[in-house]
Amino acid sequence: MARLLADSLAETALPADALAEMEALNDEAAPLHIWLRTRANLPLQPAWHEAAQTPIPDPQPPGSVTGPAAPLRVLPHIWKWRDIEPYLHRIAEIAPLEFTDRQQFLLTNPGLGGALKVTNTIRIAVSIYKSGDFAPQHLHSPNASRTILSDAGGYTLIEGEKCIAGRGDLILTPAGTWHGHGNDGAEPVIWMDVLDWPLLEHLDVIWIRHDHAERGDNAEPPVEDYSQKLYGAGGMVPRFVPESRASGQGGTPMFHFKGGNVGETLSGLRDQQGSPWDGIIIEFVNPMNGASLFPVLTYKAQLLRPAEETQPFRHTASTVYTVLEGRGVTEVNGRRLEWEKNDIFVVPANMWRRHVNLAGDADAVLYSLSDEPLLKAIGQYRAQGRPDDSDVIEITG
Ligand SMILES: [Fe+2]
């Protein structure tokens, strides 16, 4: 547990009885490789331009160098929704939002020693917002997204746009966008949060700002469907607005992709041959330039038709999948990860994987995200396939 309480977490402000209850729940949930949030992210991490005001930490004491150690390795793993979901509702009752930043648990990879990450670039959390909840607007250096798992309820405010959540929606908060979350519906909203936090933490560029209220930026009422109006027509983009809506670089100006549109697009392509490695697969892109939604992460959605089996594939990127519909199995270097609705699983870099839709009469829909853009940017992206389990072929482009 000690590793979990990383430098980037604040000392807890939970009341003692609630903290004790949460820690007991954490002990119970530990075998599931989740960590129930009992602490906020450090609220006083300064923005990068204020970093010079922070004291220089003491050096490590002499003798602390331990020499090369066996590296921790990302393992394939599946988080079963039926096992982890009950904890969301339990922590929502115990730990009030104002003490912990979020009512959520974070997924921990069983190969990474309890660190708050599922790969070395990706952090995943699952959050719940009850009716009336509101998490104030803030801005941070990591890119983040929400994949909506509940049917409805809840919203994210981003740079003046109110993105009302529906199942299957993808809501993006690129680096350097002011954003807050809330729920003014009757039912709780549940979503999966994704952040490129571990990479940025490794690079020492994590920072958060909480001074939105002081800035007085709330004068205008939020607008709805701005993303759809400006960027929702495929192949046609506005030329009267800046290409970015963020102070960070490389993030998409389209903040909201709707689940209904994703499903329609996949269904409309179902008679195409598709990819031997992925079936019918689409990539979400920055509509202004066709690039990935974030410089580090790209997002995709795929349809596996009834009984469809894909061919073995591997690449140097790590991938996290969320099951939106159906049931099936993904074999990862021979390990079978059997999945169904809302399960989340990770396929580490370099490992062979193939998907099978186990249902003979129903589609399966998977959403995925990977650090492929990062690997390409540093010249380390490679991919291979093994058609019909025969010789390995190099995949380019
Ligand atoms: Fe945030």
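User: What makes two residues a contact here?
Analyst: Two residues are in contact if their C-beta atoms, placed from the backbone, lie within 7 Å. Val320 touches Val118, Ile122, Ile124, Ile344, Val346, Ser368 and Leu369, leaving aside residues up to four places away in sequence.

User: What kind of model is this, and how are residues numbered?
Analyst: The model is predicted: local features need pLDDT of at least 70, side-chain atom pairs count only at pLDDT 80 or more, and totals for chains, interfaces and linings use all residues. Residues are numbered from 1 along each chain as its sequence is written.

User: How do you know whether the protein agrees with a compact globule?
Analyst: The radius of gyration is taken over C-alpha atoms, and the globule rule is 2.2 Å times the number of residues to the power 0.38. For 397 residues a compact globule would have a value near 21 Å; the protein has 21 Å, so the two agree. Its C-alpha atoms fill a box of roughly 55 × 55 × 40 Å along the principal axes.

User: Why is Ile164 called partly exposed?
Analyst: A residue is buried if 20 or more other C-beta atoms lie within 10 Å of its own, exposed if 12 or fewer, and partly exposed in between; C-beta atoms are placed from the backbone. Ile164 has 19 within 10 Å, so it is partly exposed. Ile164 touches Tyr155 and Glu224, not counting residues up to four places away in sequence. Buried residues make up 43% of the 397.

User: What makes residues 161–166 a strand?
Analyst: Helices (H or I, at least four residues) and strands (E, at least two) are DSSP runs, numbered from the N terminus. Residues 161–166 form strand β8, where Ile164 lies. The protein has eight helices and 25 strands.

User: How do you know which strands pair with β3?
Analyst: Two strands pair if DSSP finds at least two bridges between them. Three bridges join β1 (residues 34–36) to β3, antiparallel. Three bridges also join β3 to β4 (residues 123–129), again antiparallel. Trp35 stands opposite Leu106 in β3, and Gln104 has Ser127 in β4 as its bridge partner.

User: What covers the faces of β3?
Analyst: Both faces are covered: Gln104 and Leu106 on one side, Phe105 and Leu107 on the other, all buried.

User: What makes a set of residues a nonpolar core?
Analyst: It is a set of buried Ala, Val, Leu, Ile, Met, Phe, Trp, Tyr and Cys residues joined through C-beta atoms within 7 Å. The largest has 79 residues; Phe105, Leu106 and Val320 are among those with the most contacts inside it. Its largest share, six residues, comes from strand β11 (residues 189–195).
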